[in-house]
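Please walk through this protein fold with me.

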Amino acid sequence: MTGSLRDDAGASANCDTGDAQTSVECELRPTRRTFMLRCAGAGALGALAAAPAAISIIAVRSQGESNLRVALGPISRFSSPGVTQVVVFADVRDGWSQRPHEPIGAVWVVRRDDGTMQVLSATCPHMGCGTTSKGTSIECPCHRSTFTLDGVRVPGGPSPRDLDVLEHVVEGDELRIQFVRYRAGLAERVVQGA
Ligand code: FES
């Protein structure tokens with residue numbers, strides 16, 4: 001499997017398929033990976049590729065692609081304080097066919113004022129909807145869970161846990177993450193397909 005990323009501006013970057021290739025291929029199973037829209041009224045996935053910004057209100061679920069090392073591109077793309085949503089694309093094998101460059105999820109890259117960085121899954125842990133940024137918070141439009149920009153739950157919403165933190169590393173000038181998909185609806189983090 002190979003993958004790539006595209007941000008809201010439509011820029012793209014190649015996935016890292018070097019060191020991570022073994023673990024990625026271990027995730028591939030000869031079962032049909034059906035992408036499901038979790039939010040009512042969501043459009044087709046093809047529309048996501050045409051309008052990546054729409055990922056913020058549409059969530060995608062698959063049974064595979066749950067552990068994929070990807071490169072987000074130059075760290076300079078995330079130099080300003082704030083949150084940036086990045087849509088994750090990958091080439092998906094589905095039984096006998098292969099669908100190139102499909103959106104499989106999204107992440108938040110959080111750059112704090114002190115220069116430190118965090119990468120969060122943009123998928124709500126409650127039921128898997130996509131989250132949106134409100135400037136000073138991250139919110140889920142489905143059932144109104146709210147999170148701080150560090151991904152911590154604000155009391156009052158139904159999400160059973162904070163937004164999932166994804167491992168990241170800066171190698172040279174490049175930001176890389178381990179894109180992991182966790183099961184929704186659980187207080188603890190359980191990798192999908194595990
Ligand atoms: S899916 Fe996000 S609050 Fe329900």
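Helices (H or I, at least four residues) and strands (E, at least two) are DSSP runs, numbered from the N terminus. Arg144 lies in the loop between two such strands, β10 (138–139) and β11 (146–147). We return to this residue below. This is a predicted model: local features need pLDDT of at least 70, side-chain atom pairs count only at pLDDT 80 or more, and totals for chains, interfaces and linings use all residues. Residues are numbered from 1 along each chain as its sequence is written.

Start with the totals. The protein has 2 helices and 15 strands. It has 194 residues, and 36% of them count as buried. A residue is buried if 20 or more other C-beta atoms lie within 10 Å of its own, exposed if 12 or fewer, and partly exposed in between, with C-beta atoms placed from the backbone. Two residues are in contact if their C-beta atoms, placed from the backbone, lie within 7 Å. Take the contacts between residues at least 6 apart in sequence: 60% of them join residues at least 24 apart.

Now the strand pairing. Two strands pair if DSSP finds at least two bridges between them. Strand β6 (residues 82–94) runs antiparallel to β7, and 12 bridges join the two. The hairpin of β6 and β7 has 2 residues between the strands. Gly95 in this hairpin takes a positive phi near 65 degrees.

β5 and strand β15 (residues 174–180) are antiparallel and joined by 7 bridges. Arg69 stands opposite Gln178 in β15.

What holds the most contacts inside the largest nonpolar core? A nonpolar core is a set of buried Ala, Val, Leu, Ile, Met, Phe, Trp, Tyr and Cys residues joined through C-beta atoms within 7 Å. The largest one has 29 residues, and Val88, Val107, Trp108 and Val109 have the most contacts inside it. At least two residues of this core come from each of β5, β6, β7, β8 (117–121) and β15. β6 gives the most, with 7 residues. Leaving aside neighbours within four places in sequence, Trp108 is in contact with Val83, Gln85, Val119, Leu120, Ala122 and Ile138.

Next, the backbone angles. Most residues other than glycine have a negative phi. His101 is not a glycine, yet has a positive phi of about 55 degrees. His101 sits in strand β7 (residues 97–111). It counts as partly exposed because it has 14 C-beta neighbours inside 10 Å. Arg144 also has a positive phi, near 70 degrees. With 13 other C-beta atoms within 10 Å, Arg144 is partly exposed.

Last, a loop residue. Is Thr116 buried or exposed? Thr116 lies in the loop between β7 and β8. Thr116 has 8 C-beta neighbours inside 10 Å, so it counts as exposed. Thr116 and Ser79 are 37 residues apart along the chain, and their C-alpha atoms are separated by 9.9 Å.
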